[in-house]
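Subject: Structure for you to look at

Hello,

Here is the structure I promised to pass on. Please open it beside this email and follow along.

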Amino acid sequence: MRIELQEYGESHVISASIININTLAEANKRWKRNLGLSVDPIRVEDIGNGLLKLRAEAVTGVVRIGNIDIEIAPKFLDQSNESWQTVLWRILTVVEGSFIDSSLTAAEEQNSLSIPDLLAEMFLSSYARGAAKGLPRSYVAEQRADYTLRGQLDPSRMSEWATRPWLLPVITDMLTDNTVLARLIRWSAECLSATVKSPGRSRAMREIVASLSHVSKSPPHLFEAQQIILGPQHQGLEAARLVGLLLLEGKGIHHAGGKHALSGFLWNSDAIYENYVYWLCRRAASQRKNRVGKCEMTFGEVMKGNGSSLRTTPDVIFYNAEGTPVAITDAKYKRLGSKPKASDTYQVLTAGHVVGCQRVSLTYPVSTNREPTVWKVQSALGGNDIELTVLPINLMGLIFSYGQNTLINTIGAWLDGTIFDTKNQNEYTEL
């Protein structure tokens with residue numbers, strides 16, 4: 001059974017008999033802790049008569065509980081459009097700082113709407129190409145006792161040598177394929193094997209797990225996985241490495257079986273959106289030989305009384321080639337009404353005044369075309385006027401091959417002050 005939810009969307013009513021409440025509660029507890037959420041990602045309400053109401057909050061991803069798949073679309077994507085999984089996938093790959101050859105996903109995007117199957121197809125294709133000559137191996141230090149000196153003496157175990165002088169405590173380098181990459185691949189294959197819909201892909205994943213049975217079952221730490229560097233002959237494994245990172249970021253889990261089976265991965269939607277906007281801004285800035293940054297700044301010092309300095313951290317600050325701040329934008333993971341909330345405008349206007357930027361904006365996710373709105377904010381204290389823009393970016397445009405460039409050009413046009421030029425507006429309207 002497949003349940004489709006929209007983050008902060010309408011609740012879905014199901015029979016309490018078809019889902020294991022204890023398993024769902026366990027999943028909620030784990031993801032709430034791992035993702036640092038203040039609420040359960042999947043809120044469950046007993047409405048009586050053997051019925052439950054499910055609602056997703058603050059997350060996107062997929063969970064399998066027993067024989068039920070729960071797919072959660074982020075609120076910034078149009079769930080009624082069957083390509084939203086593809087859009088989410090493209091955003092996730094960018095957030096991880098990598099690109100995937102579109103030829104690897106084109107066929108799968110046409111044949112499957114499942115996020116796990118998209119990930120699995122990428123993973124399998126990459127593994128088949130990159131592991132043809134085996135996985136990379138590396139040396140690890142091993143403590144051992146030997147009759148001859150191999151490697152170097154271990155000074156921390158000299159007391160052992162005193163009691164058994166015929167054995168030398170040594171540290172040697174051992175060549176092994178139980179590497180961080182191998183552990184990441186085995187764990188990822190095990191997670192995906194329990195979550196994909198296609199029996200063929202699930203079987204292929206289990207075969208990879210079986211071929212790596214000598215590798216540790218525990219996944220590497222996210223920091224370790226991010227440090228993996230692939231050699232020239234194993235570049236084909238880049239996509240598999242990326243999928244593994246996505247699953248680690250999504251706090252992927254898998255255990256048990258049958259009706260108590262629990263597997264899946266969830267991502268913090270707010271963090272995904274903010275990181276994606278930062279990436280778009282960085283690309284727009286680099287095209288103009290500028291750069292971006294994010295740092296905390298102090299905008300108020302205590303003059304009298306007790307208290308601490310007032311601070312704010314804009315999401316993106318644009319700097320020109322000389323290092324002078326020229327623009328600021330804040331990524332707002334909120335639904336855009338007719339105008340932004342006062343608290344949001346105060347925050348970005350304060351940052352503009354403190355840094356000295358006359359061009360500031362609030363960037364909102366939307367799923368349909370929407371024109372930006374620009375306000376002129378005057379200062380009665382002798383300062384310069386500030387230009388405040390609400391900048392909607394249509395993320396559903398990512399279903400097209402030119403979608404990334406369109407979003408980058410939209411931000412670039414705002415930076416250049418040409419957001420309403422005919423050329424740019426036509427380019428935006430094509431979506």
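Below is what was found in it.

This is a predicted model, where local features need pLDDT of at least 70, side-chain atom pairs count only at pLDDT 80 or more, and totals for chains, interfaces and linings use all residues. Residues are numbered from 1 along each chain as its sequence is written, and side-chain values use heavy atoms, with hydrogens and water left out.

The whole protein first. It has 13 helices and 19 strands. These are DSSP runs numbered from the N terminus: helices are H or I with at least four residues, strands are E with at least two. Of the 431 residues, 48% are buried (under 20% relative accessible area; exposed is over 50%, partly exposed in between; 1.4 Å probe, protein chains only).

Strand 2 and strand 4 (residues 51-56) run antiparallel and are joined by four bridges. Look at Ile 14: its bridge partner in strand 4 is Leu 52.

Last, Met 158. Where does Met 158 sit? It belongs to helix 5 (residues 158-163). Met 158 counts as partly exposed because its relative accessibility is 33%.

Best wishes

How values were computed. Pairing = 2+ DSSP bridges.
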